[in-house]
Amino acid sequence: MLKFTMKRLVYLVLVLVGVSFLVFLLLYMTPGDPVRMMLGESATPEAQAELRLELGLDDPFLVQYGRYIKNIVVHQDLGTSYSTRRPVLDEIMTVFPNTVKLATAAIIIAVILGTFLGIVSAVRQNSLLDNAVMVLALIGTSAPIFWIGILMIILFSVNLGWLPPSGFGSFKQLIMPALALGMQSTAVVARMTRSSMLEVIRQDFVKTARAKGQKESVVIMKHVFRNALIPVITVVGLQFGTLLGGAMLTEVVFSIPGVGRLMIEAIKQRDFPIVQGSVLFVAACFSLVNLAVDLLYAVVDPKVSKE
């Protein structure tokens with residue numbers, strides 16, 4: 001188990017190093033001068049040159065990247081925002097709780113709706129209801145979150161007036177963003193629940209339970225569903241990590257002050273430290289969630305760690 005954990009930790013570090021390098025390289029090659037964004041077009045060439053020297057923007061790429069990694073490893077410093085002059089980590093942590101709140105609400109919806117639809121679909125395999133659930137799951141996994149959010153705003157806010165179109169301070173303001181963000185995860189959980197239950201439902205112990213005269217509801221929930229949970233739990237964990245990183249468009253559409261919206265605003269302002277720090281922070285969260293899922297799976301099924 002220790003060897004398995006260390007191996008996963010090494011993979012995690014390599015992933016984060018790769019992500020940081022690619023993001024740093026893309027932003028380094030991105031057109032636009034952050035110094036002009038900070039000082040304005042009317043700034044003198046001398047003032048611009050002085051600020052570039054202060055920020056180290058005239059240094060070669062590898063020197064800048066090496067300094068960035070050194071600050072992260074030695075000082076746990078993701079840099080300083082060009083626009084606010086505050087530490088990047090402080091800026092991220094100010095809005096990160098909103099992203100976690102949104103992702104948590106979305107995964108709760110996905111677990112409740114996804115497992116319910118998956119159970120119903122598995123119990124009624126090849127029926128009209130099963131086909132309908134599979135069609136909905138296909139639509140859910142392919143529908144763009146952006147347009148889902150726009151359609152929800154038009155329907156529930158503009159036409160019906162039931163829910164507020166933006167903001168993040170009340171329960172009503174959380175409903176539409178969580179539904180929009182959780183729809184794809186709902187479809188994934190439903191399909192995994194269905195396939196896992198269909199695999200278990202054919203096992204001999206399920207036939208034995210039915211032969212003993214147990215109620216069908218008891219057979220399904222106590223014997224089938226419980227034994228089909230491991231892959232479902234794995235998918236739920238992975239989906240939660242995905243939601244943490246995929247909340248960007250949802251936050252923009254519904255004007256939610258989260259990490260995704262912070263990143264979009266930083267891209268507009270050429271605030272590269274915020275963009276780099278946000279991407280790396282989200283990648284770290286996603287990797288840690290995946291690591292936790294892997295370790296949980298290895299504890300439940302020791303064969304995984306041996307393999």
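**Salt bridges.** I looked for salt bridges (a side-chain nitrogen of Lys or Arg within 4 Å of a carboxyl oxygen of Asp or Glu) and found two in the structure. My notes rest on a predicted model, where local features need pLDDT of at least 70, side-chain atom pairs count only at pLDDT 80 or more, and totals for chains, interfaces and linings use all residues. Residues are numbered from 1 along each chain as its sequence is written, and side-chain values use heavy atoms, leaving out hydrogens and water.

**Arg86 and Glu91.** I saw this pair meet through their side chains at 3.7 Å, N to O. I placed Glu91 in helix α5, residues 88-123; helices are DSSP runs of H or I with at least four residues, numbered from the N terminus.

**Lys268 and Glu265.** Here the closest N and O atoms are 3.8 Å apart. Both residues sit in helix α13 (residues 259-268), three residues apart, so about one helical turn separates them. I noted the general rule too: an α-helix has 3.6 residues a turn, so residues three or four places apart point the same way. Lys268 is exposed at 55%, and Glu265 is partly exposed at 33%.

**Neighbours of Glu91.** I then listed its contacts (heavy atoms within 4.5 Å). Leaving aside residues up to four places away in sequence, Glu91 touches Thr84, Arg86, Leu262 and Ile274.

Note on methods. Helix = DSSP H or I, 4+ residues; strand = E, 2+ residues; numbered from the N terminus. Buried < 20%, exposed > 50% of the residue type's maximum accessible area, 1.4 Å probe, protein only.
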